Amino acid sequence: MLTVETRQAVHPEHAKSMDTAALRKNFLAQNLFADGEIRLIYTHYDRFVMGGAVPAGGSLTLDKVDETKTPSFLDRREMGIVNIGDAGTVEAGGETYAMNRGDVLYLGKGTGAVTFGGQGRFYITSCPAHHTYPSRLVTLADCVEVKMGAAETSNKRTIKQFIHPQVMESCQLILGYTSLEDGSVWNTVPSHIHDRRMEAYLYWGMDDDARVLHLMGQPQESRHLFIGNEQGAISPPWSIHSGAGIGEYTFIWAMAGDNVDYTDMEFIQPKDMR
Ligand SMILES: O=C(O)C(=O)C[C@H](O)C(=O)CO
Ligand SMILES: [Zn+2]
């Protein structure tokens, strides 16, 4: 079963006036993972799509998605998949990729139908693509690790870059995940924005009762979302995206837009935030 929800783009002046329910309706991604289902959110931020596929021991195929009006979803798109569950498989383009927890699969434009199998919980990201780059399974051994932050500022963390120019080529999609050292709680501090690219976060590896206090909004008009395990935040180009965990967490970040330069960010120091 496939379900697709559309999220419209929101003007920052409109976002300022939103109450908690409206912020959650527009920017929180919930219920992406359900046994036997593929659930997608089609955003109008760079036409970025995020979602989940949980084959639960069976198999699920993603092919035609009405929203794109193309015979197959990947006809004019590329895709990044992260397995956040147990061992599973992805069959695509005549290949079968075995994916363990934490592995990332890049599928190039024109790959065709994608079939998910096994006990994986597959986080799906996708954006429009202008060129076909080769599909590639990127394991933990292949990613580039960047250490950031410090224990004194409670933000010591490792950024693992998978779909990233230092590892492989893609059109627009950049993707990886970040984990915190013991005792550090803050991600993405100091906060930043990048008007050239939208971004989506998926928080995972959390206890059921844990929450991340996710900060969003323009730097001088910050708002927050309380986010649980396997839930995401959609970050418009004008928004910061930082968070502090009440409990352990990891998060997948994925971006699409005008460039694939991970370091292209404008930082906002905490003293300048409102
Ligand atoms: O902890 C961090 O800092 C991040 O992981 C930042 C994200 O990767 C990001 O926002 C990239 O633009
Ligand atoms: Zn960012």
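Helices, of at least four residues, and strands, of at least two, are DSSP runs here, and their numbers count from the N terminus. With that convention in place, I turn to the structure, which is a predicted model.

I begin with the overall fold. The protein chain contains 2 helices and 24 strands. Its radius of gyration is 17 Å, close to the 19 Å that the globule rule gives for 274 residues, so the chain is as compact as a globular protein of that length. The C-alpha trace spans about 55 × 40 × 35 Å along its principal axes. Of the 274 residues, 46% are buried. If we take contacts between residues at least 6 apart in sequence, 71% of them join residues at least 24 apart.

Next, the domains. The chain is divided into domain 1, residues 2-138, and domain 2, residues 143-272. Their C-alpha centres lie 19 Å apart. The contact between them takes 35 residues from domain 1 and 33 residues from domain 2. On the domain 1 side, the elements that each supply at least two residues include helix H1 (12-16), helix H2 (20-27) and strand S6 (77-83). Strand S11 gives the most to that side, with 4 residues. By class, the side of domain 1 that touches domain 2 has 23 nonpolar, 6 polar and 6 charged residues.

I come now to the annotated site. Which residues does the UniProt annotation "binding site" cover? The record, an unreviewed entry, lists His 192, His 194, Glu 199 and His 241. These residues span 50 positions in sequence, yet no two of their C-alpha atoms are more than 11.4 Å apart, so they gather at one spot.

Let us compare two of these residues. His 192 is placed in strand S17, residues 191-193, and Glu 199 lies in strand S18, residues 197-204. Is each of them buried or exposed? His 192 has 16 C-beta neighbours inside 10 Å and therefore counts as partly exposed. Glu 199 has 25 such neighbours and therefore counts as buried. Setting aside residues up to four places away in sequence, His 192 touches Ile 240, Met 265, Glu 266, Phe 267 and Ile 268. On the same terms, Glu 199 touches Ser 235, His 241, Trp 253, Ala 254 and Met 255; one of these, His 241, is also in the annotation.

Glu 199 and His 241 are also among the residues around ligand 1. Others in that shell include Arg 157, Asn 187, Trp 253 and Met 265. Strand S14 (157-163) and strand S23 (250-257) each supply at least two residues of the shell. By class, the shell has 5 nonpolar, 4 polar and 2 charged residues.

Finally, some backbone details. Most residues other than glycine have a negative phi, and most peptide bonds are trans. Where does this model depart from that pattern? A cis peptide bond joins Val 189 and Pro 190, with omega about 5°. Pro 190 sits in the loop between strand S16 (186-187) and S17, and S17 is the strand that holds His 192.

Asn 31 has a positive phi, near 55°. Asn 31 lies in the loop between S2 and strand S3 (37-43), and counts as exposed because it has 12 C-beta neighbours inside 10 Å. Ala 56 also has a positive phi, near 50°. Ala 56 is in the loop between strand S4 (49-54) and strand S5 (59-62); with 19 C-beta neighbours inside 10 Å, Ala 56 counts as partly exposed.

How values were computed:
Residues numbered from 1 in each chain as written. Chains lettered and ligands numbered in written order. Predicted model: local features only at pLDDT ≥ 70, side-chain atom pairs only at ≥ 80, totals over all residues. UniProt positions renumbered as here; feature names shortened; annotations may be inferred. Buried ≥ 20, exposed ≤ 12 C-beta atoms within 10 Å, placed from the backbone. Contact = placed C-beta atoms within 7 Å. Near = placed C-beta within 6 Å. Nonpolar A, V, L, I, M, F, W, Y, C, P; charged D, E, K, R; others polar. Domains from an automatic or database assignment. Rg over C-alpha atoms; globule rule 2.2 N^0.38 Å.
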